[in-house]
Amino acid sequence: PALGWALSGAGRNGQSDVADWCFSHPSPEHPNLFFVPVGRMPSHGVGAGTLSEAFPKAMDALKDKFDLILVDGPSIMTSLATLANAGVFDGVFIVVEAEKTRQQVVSTAIDHLKAADPVILGTIMNKRHHHIPGVIYKKIF
């Protein structure tokens, strides 16, 4: 898994079985949870073009085996491969870091996504801080 899917032979040639690069989540409570690490992508290695060709084939292989696939990838603002592959997904969420990501950045990301034409399902706000004490928050909401 250190190399991840992007740098292993499995991702590039599409010849390997999904089981070769799909790892079981080490949790007895979730025996049907698996993950496929993308791995680090050095600037001189697998580029956006290679991933754009291989990723749809890999997703088709995964769709044959799984009912639900969640992909956590790099930001579309920093990764051409992520943006190029956005159309492969049934839908995408925009992840926004609370109190840090500026509205203009989110608007630009949405504009880039619209060009790729995926279904935008919504927004996930991470690293959110609750400024209201939990006891009061529960009574209000």
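Good morning. The accessible surface of this chain comes to about 10,200 Å², and 57% of that surface belongs to carbon and sulfur atoms. Please keep in mind that we are looking at a predicted model.

Let me turn to the overall layout. The chain has six helices and four strands. Read from the N terminus, the order of elements is α-α-β-β-α-α-β-α-β-α. Of the 141 residues, 25% count as buried. If we take the contacts between residues at least 6 apart in sequence, 69% of them join residues at least 24 apart.

Which residues make up the largest nonpolar core? There are nine: Ile76, Leu83, Ala86, Val92, Ile94, Val96, Val106, Ala109 and Leu113. Two elements, strand E3 and helix H5, which covers 103-116, each give two or more residues to this core. Valine 106, one of the core residues, is in contact with Val96 and Thr101, once its neighbours within four places in sequence are set aside. As a general background, nonpolar side chains in soluble globular proteins tend to be buried together.

Now, the surface. Here Phe93, Val95, Val119, Leu121 and Ile124 form a nonpolar patch, with about 470 Å² of accessible area together. Strand E3, residues 92-97, and strand E4, residues 120-126, each supply at least two residues of the patch.

Finally, is isoleucine 124 buried or partly exposed? This residue lies in strand E4, and it counts as partly exposed because its relative accessibility is 39%. Thank you.

Conventions:
Residues numbered from 1 in each chain as written. Predicted model: local features only at pLDDT ≥ 70, side-chain atom pairs only at ≥ 80, totals over all residues. Heavy atoms only, no water. Patch = residues over 30% accessible without salt bridge, like charges linked within 9 Å, V, L, I, M, F, W, Y side chains within 5 Å. Areas by Shrake-Rupley, 256 points an atom, 1.4 Å probe, with all protein chains shown as cover. Salt bridge = Lys/Arg side-chain N within 4 Å of Asp/Glu carboxyl O. Buried < 20%, exposed > 50% of the residue type's maximum accessible area, 1.4 Å probe, protein only. Contact = heavy atoms within 4.5 Å. Core = buried A, V, L, I, M, F, W, Y, C linked by side-chain atoms within 4.5 Å.
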